[in-house]
Amino acid sequence: MKSPASASWKAPLKFRMLDIEVDGQRYKDAFTWNPYDPDSEVVMFAKRTVKDLKLSPGFLPQIVQSIQSQLATFRSYEGQDMYVGDKIIPIKLDLQVNHIVIRDQFLWDLNNFDSDPEEFARTLCKDLGIEDPEVEPAIAFAIREQLYEIAIQNVTTARENRISKKGRRAAEHFTPSKASGAALDLMKLFSFGSSVVRKRKEWDYYKPVLDLLSNGDVHALEAKEERSGWEGKLVLRESI
């Protein structure tokens, strides 16, 4: 469930990443979480996870601590000013989920708060005929992860400019010119002399690529990723 965000913060959902090992058992998961939910939900989620996955009791406090730590970091940015930079940013997908590999890149309008990663992922999977139910949430997760990182970068930049006297003086001149420059670039991109239809030579860069892996390919990739310390499989778990 999404809670209304303040005017200065437009990201009500934050991605979660867990990678915990206890007594030879390893638990890895990735999902979204609503930071407006009470902290008691974290404990309930951890208990349910440990029970459902039959994990050892030692996982319970570590799961709780990991989620609470990430929530604290996320909340520390809430309500802060954000640096006004480019409004249209590139999003890239390069995911392997079970037997499916999907690669794509597209532009995302940060000013359009009606844009919904889950809806985009649902439409993309439908258009490509993807039936694996794990692919859709993986795509949405990847989009939200990139949007979150961009938001944090913008908050950090604004904070640095505010703290630094030199940054404050430069902000009086730099920020408007930066915004004007971004606007100018977009005007060039979408001016009447341009076309919304991409040039043929750019078609291959802006179209989804879908590959189906054999069992042997999947096992080989999992073994390679396991050796490097990451299984390469993205899973989304809804908050309780």
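This is a predicted model: local features need pLDDT of at least 70, side-chain atom pairs count only at pLDDT 80 or more; totals for chains, interfaces and linings use all residues.

Biologist: Sheet first, then. In what order do the three strands sit?

Modeller: The order is S3-S4-S5, in an open sheet with antiparallel pairing. Strand S3 (88-97) and strand S5 (209-212) are the edge strands, each pairing on one side only. From one strand to the next, the twist averages 15°.

Biologist: How many bridges hold S3 and S4 together?

Modeller: There are 10 bridges between S3 and strand S4 (residues 100-109), in the antiparallel sense. Ile89 stands opposite Trp108 in S4, and Leu93 has Asp104 in S4 as its bridge partner.

Biologist: OK, other side. How many bridges join S4 to S5?

Modeller: Four, and that pair also runs antiparallel. Ile100, for instance, has Leu212 in S5 as its bridge partner.

Biologist: Is S4 mostly covered or mostly open?

Modeller: Mostly covered, with seven of its 10 residues buried.

Biologist: Changing topic: which strands does helix H3 lie across?

Modeller: Helix H3 (residues 117-128) lies across S3, S4 and S5, and runs at about 130° to S4. Helix H4 (residues 135-163) lies across S3 and S4, at about 140° to S3.

Biologist: How do H3 and H4 cross?

Modeller: Their axes come within 8 Å and cross at roughly 140°. That makes H3 oblique to H4. The crossing of H3 and H4 is right-handed.

Biologist: Which residues make that contact?

Modeller: On H3 they include Pro117, Phe120, Ala121 and Leu124. On H4, Val135, Ile139, Ile143 and Leu147 are among them.

Biologist: Now the rings. How many aromatic pairs does the count come to?

Modeller: It comes to seven aromatic pairs. Take Phe106 and Phe120: the ring centres are 4.5 Å apart and the planes are at 40°, so the pair is tilted. That pair links distant parts of the chain, with Phe106 in strand S4 and Phe120 in helix H3, 14 residues apart.

Biologist: Are those two buried or partly exposed?

Modeller: One of each. Phe106 is buried, with a relative accessible area of 10%, while Phe120 counts as partly exposed at 27% relative accessibility.

Biologist: Why is the pair of Trp108 and Phe120 called edge-to-face?

Modeller: The planes of those two rings are at 70°, and over 60 degrees counts as edge-to-face, so the pair gets that name. The centres of the Trp108 and Phe120 rings are 5.8 Å apart. Here too the pair links distant parts of the chain: Trp108 is in strand S4, Phe120 is in helix H3, and they are 12 residues apart.

Biologist: Is Trp108 buried or exposed?

Modeller: Trp108 counts as buried, at 8% relative accessibility. Trp108 is also the residue in S4 that stands opposite Ile89.

Biologist: Last one: which residues do ring pairs link into a cluster?

Modeller: Phe31, Trp33 and Phe45.

Key: Residues are numbered from 1 along each chain as its sequence is written. Side-chain values use heavy atoms; hydrogens and water are left out. Two strands pair if DSSP finds at least two bridges between them. Helices (H or I, at least four residues) and strands (E, at least two) are DSSP runs, numbered from the N terminus. Axes are lines fitted to C-alpha atoms, for helices over the stretch in contact, and angles run from 0 to 180 degrees between N-to-C directions. Contact means heavy atoms within 4.5 Å. Rings of Phe, Tyr and Trp (its six-membered ring) pair if their centres lie within 6.5 Å; planes under 30 degrees apart count as stacked, over 60 as edge-to-face and the rest as tilted. Buried means under 20% relative accessible area, exposed over 50%, partly exposed in between (1.4 Å probe, protein chains only). Angles under 35 degrees count as roughly parallel, over 145 as roughly antiparallel, 65 to 115 as roughly perpendicular and the rest as oblique. A crossing is left-handed if the near helix is turned anticlockwise from the far one by less than a right angle, and right-handed if clockwise.
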